[in-house]
Amino acid sequence: MTTALLQIEDLRIAYGSVEAIKGISLCLNEGEIVTVLGANGAGKSTLLRAISGLNIPKSGRINHGAMLLNGMPAHEIMMRGISHSPEGRRVFATLTVEENLNLGAYLHRRQKERIRKSKERIFELFPILVKRRRQLSGTLSGGEQQMLAIGRALMSEPSILLLDEPSLGLSPIFVKLIFDIIEEINAQGVSILLVEQNARKALRVADRGYVIETGTITISGPASELSGNEKVQAAYLGGA
Ligand code: ATP
């Protein structure tokens with residue numbers, strides 16, 4: 001049996017007395033893009049935050065290979081190669097683009113040459129950031145901030161990237177660009193767990209997908225199967 005890169009079993013997460021994740025099991029295999037779809041408030045961000053150590057599960061297991069991640073501090077999870085680009089492009093507005101990228105490489109802060117190479121790679125993926133490298137991040141457009149947020153997450157050289165709503169609020173040109181880049185990052189060997197509201201685009205790039213409804217997985221399968229699923233079509237693909 002092959003071991004999944006990331007294996008989540010019967011995960012439960014509560015905010016006070018309200019259970020936001022109610023016994024979710026899912027996996028991400030090496031090389032995959034797996035998308036998690038669901039309406040607002042379904043629990044998608046809560047799930048990603050638990051994987052990166054920002055939410056503490058009530059019960060269940062999150063495994064990275066043989067290693068149990070539950071209860072591990074966020075920086076140790078990052079050191080294991082799991083990086084999170086959170087919803088809402090949380091860049092540091094008063095720092096420049098380059099300073100934001102440097103922060104993403106915090107784990108390698110003493111390895112100047114390594115950081116330089118990582119930055120070079122990010123600038124190749126996002127040429128627009130080269131022009132903006134000395135600009136304050138708060139003055140970037142929404143699409144540029146999203147690229148910076150993804151770029152910063154890549155600076156720690158992750159093997160697993162958790163992407164929360166990367167296309168939210170972006171113009172169609174930026175949406176296309178972001179999804180092209182997601183595929184490119186994946187082709188470079190990064191496995192990706194992608195939370196998206198743009199189900200059509202997400203299912204186009206993903207290998208497999210899960211649908212979360214109020215904290216429970218209701219549908220899962222290969223992306224092509226989900227695209228053809230009547231319920232998915234009605235709820236997430238605009239009845240197409
Ligand atoms: P969206 O797409 O709107 O971000 P989501 O699927 O990512 O939605 P979550 O943000 O994970 O959903 O929220 C799941 C549920 O948990 C929601 O009912 C939300 O109100 C609740 N919740 C999230 N964060 C907290 C918190 N810090 N304290 C209390 N309740 C929370």
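## Basis of the description

Residues are numbered from 1 along each chain as its sequence is written, and side-chain values use heavy atoms, with hydrogens and water left out. Because the model is predicted, local features need pLDDT of at least 70 and side-chain atom pairs count only at pLDDT 80 or more, while totals for chains, interfaces and linings use all residues.

Helices (H or I, at least four residues) and strands (E, at least two) are DSSP runs, numbered from the N terminus.

## Helix packing

Two packed helices are described by the angle between their axes and the distance between the axes. Here the axes are lines fitted to C-alpha atoms, for helices over the stretch in contact, and angles run from 0 to 180 degrees between N-to-C directions. Angles under 35 degrees count as roughly parallel, over 145 as roughly antiparallel, 65 to 115 as roughly perpendicular and the rest as oblique. A crossing is left-handed if the near helix is turned anticlockwise from the far one by less than a right angle, and right-handed if clockwise. Contact means heavy atoms within 4.5 Å. For residue classes, Ala, Val, Leu, Ile, Met, Phe, Trp, Tyr, Cys and Pro count as nonpolar, Asp, Glu, Lys and Arg as charged, and the others, Gly among them, as polar.

Helix 6 (residues 142-154) and helix 7 (residues 172-187) have axes that come within 10 Å and cross at roughly 15°; the two helices are therefore roughly parallel to each other. The crossing of helix 6 past helix 7 is right-handed. On the helix 6 side, Gly 143, Glu 144, Gln 146, Met 147, Ile 150 and Leu 154 meet Phe 174, Leu 177, Ile 178 and Ile 185 of helix 7. The residues of this contact comprise seven nonpolar, two polar and one charged.

## Contacts of helix 3

Helix 3 (residues 97-104) packs against helix 4 (residues 112-125) at an angle of about 120°, with the axes 10 Å apart, which makes helix 3 oblique to helix 4. Helix 3 passes helix 4 in a right-handed crossing. Glu 98, Leu 101 and Asn 102 of helix 3 form the contact with Ile 115, Lys 119, Ile 122 and Phe 123 of helix 4. By class, four of these residues are nonpolar, one is polar and two are charged.

Helix 3 also packs with helix 6, where the axes come within 7 Å and cross at roughly 35°. This crossing, too, is right-handed. Val 97, Asn 100, Leu 101 and Gly 104 in helix 3 meet Leu 148, Gly 151 and Arg 152 in helix 6, and the contact divides into three nonpolar, three polar and one charged residue.

## Nonpolar cores

In soluble globular proteins, nonpolar side chains tend to be buried together. A nonpolar core is a set of buried Ala, Val, Leu, Ile, Met, Phe, Trp, Tyr and Cys residues joined through side-chain atoms within 4.5 Å; buried means under 20% relative accessible area, exposed over 50% and partly exposed in between (1.4 Å probe, protein chains only). The largest nonpolar core has 45 residues, of which Phe 126, Leu 161, Ile 182, Ile 185, Ile 192, Leu 194 and Val 232 touch the most other members. Helix 7 gives the most to this core, with seven residues. Apart from it lies another core of 29 residues, among them Ala 4, Ile 21, Ile 24 and Leu 28.

Beyond residues up to four places away in sequence, Ile 192 touches Leu 28, Glu 32, Ile 33, Val 34, Leu 161, Leu 163, Ile 182, Ile 185 and Asn 186.

## Buried elements and residues

Helix 1 (residues 44-51) is largely enclosed by the rest of the structure, because six of its eight residues are buried. These are Lys 44, Thr 46, Leu 47, Leu 48, Ala 50 and Ile 51.

Ser 191 lies in strand 8 (residues 191-196) and counts as buried at 1% relative accessibility. Its contacts outside four places in sequence include Leu 5, Asn 29, Ser 159 and Leu 161. Ala 199, in helix 8 (residues 199-205), also counts as buried at 1% relative accessibility. With the same exclusion of residues up to four places away in sequence, Ala 199 touches Leu 37, Tyr 236 and Leu 237.

## Positive phi values

Most residues other than glycine have a negative phi. Glu 165, which is not a glycine, has a positive phi of about 50°. Glu 165 is placed in the loop between strand 7 (160-164) and helix 7 and is buried, with a relative accessible area of 3%.

Thr 214 has a positive phi near 35° and lies in the loop between strand 9 (208-213) and strand 10 (216-222). Thr 214 is exposed, with a relative accessible area of 58%. Gly 53, which follows helix 1, has a positive phi near 85°.
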